[in-house]
Amino acid sequence: TKPFDEEDKNVLKYLCYDVAIAIKNLRLFQDIIYMSKYDSLTKAYNRNYFSEIFEENFYMAQALDKSLVVCMIDINNLKIINDNFGHSAGDKLLNEFVTVFNKEIHGSGILGRMGGDEFTCIFMDMNRTEVMNSIYSEFKKTPLSFGDNLYEISFAYGLSEYGIDEQDIEGLMKIADRRMYTEKRRMKDMQGLEALIKKTEQ
């Protein structure tokens with residue numbers, strides 16, 4: 001075999017260049033695919049991709065006559081955290097929420113971020129009374145620290161169940177959303193009552 005000459009070296013150089021471009025394009029394509037499915041901050045499913053998964057699981061529940069529970073979630077006091085401790089603290093809260101939530105559902109549910117402090121989760125073949133108990137208690141056990149302050153993540157949520165509350169996706173979302181906001185108002189009223197009691201005790 002003859003040794004490499006300049007022409008061979010040039011061919012090899014161009015081949016390496018083409019391979020490098022192909023690898024770069026593949027990574028770019030993978031990044032685009034990832035961004036089309038996941039929220040960039042929390043790594044939860046984003047709104048669009050979650051909607052696709054929700055629809056697939058809804059029709060599967062219909063076909064197999066399985067239960068499906070929709071859970072609408074609104075994290076409390078995110079604006080207060082942002083205003084007092086900075087947006088990095090708010091990001092920390094959102095990331096911790098997703099991490100703990102996904103850990104507790106053990107693959108039995110699918111969580112998506114709808115935007116801001118709002119999330120939606122679907123649970124397959126689980127009873128509504130069992131859905132959130134372990135999750136809420138876990139957040140009580142794992143408060144976040146912001147400087148010298150400890151903060152317990154809390155959130156309002158509303159549930160709806162396929163076949164009991166509604167027969168279609170839109171109806172399930174509306175009922176869960178309405179129940180979530182009812183819970184949100186109740187929690188705010190309780191906070192206001194607690195503040196009033198503390199004030200009268202001083």
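I began with threonine 42, whose side chain makes a polar contact with the side chain of aspartate 39 at 2.6 Å. A polar contact is a pair of N or O atoms within 3.5 Å; within protein, one must be able to donate a hydrogen and the other to accept it, and residues adjacent in sequence count only if both atoms are side-chain atoms.

A note on the source. This is a predicted model, in which local features need pLDDT of at least 70 and side-chain atom pairs count only at pLDDT 80 or more, while totals for chains, interfaces and linings use all residues. Residues are numbered from 1 along each chain as its sequence is written, and side-chain values use heavy atoms, with hydrogens and water left out.

I then placed threonine 42 in the loop between helix 1 (6-35) and helix 2. Helices (H or I, at least four residues) and strands (E, at least two) are DSSP runs, numbered from the N terminus. At 6% relative accessibility, threonine 42 counts as buried. Buried means under 20% relative accessible area, exposed over 50%, and partly exposed in between (1.4 Å probe, protein chains only). Leaving aside neighbours within four places in sequence, I found threonine 42 in contact with Leu94, Asn95, Val98 and Arg113. Contact means heavy atoms within 4.5 Å.

Next I looked up serine 67, in the loop between helix 2 (47-64) and strand 1 (68-75). Serine 67 has 17% relative accessibility and so counts as buried. With neighbours within four places in sequence left out, serine 67 is in contact with Phe123, Met124, Asp125, Met126 and Glu161.

Then I turned to salt bridges. A salt bridge is a side-chain nitrogen of Lys or Arg within 4 Å of a carboxyl oxygen of Asp or Glu. The count by this rule is 8 salt bridges.

Lysine 79 and aspartate 83 form one of them, at 2.8 Å from N to O. They are 4 residues apart in helix 3 (residues 78-85), so about one helical turn separates them. Both residues, lysine 79 and aspartate 83, are exposed.

I also noted lysine 174 and glutamate 170, which meet in a salt bridge at 3.3 Å, N to O. Both lie in helix 6 (residues 169-201), 4 residues apart, about one turn of the helix. Lysine 174 and glutamate 170 are both exposed.

My last pair was glutamate 152 and lysine 140, with a salt bridge of 3.4 Å, N to O. Glutamate 152 lies in the loop between strand 5 (149-151) and strand 6 (155-161) and lysine 140 in helix 5 (residues 133-141), so the pair ties together parts that are 12 residues apart in sequence. Glutamate 152 is partly exposed at 34% relative accessibility, and lysine 140 is partly exposed with a relative accessible area of 48%.
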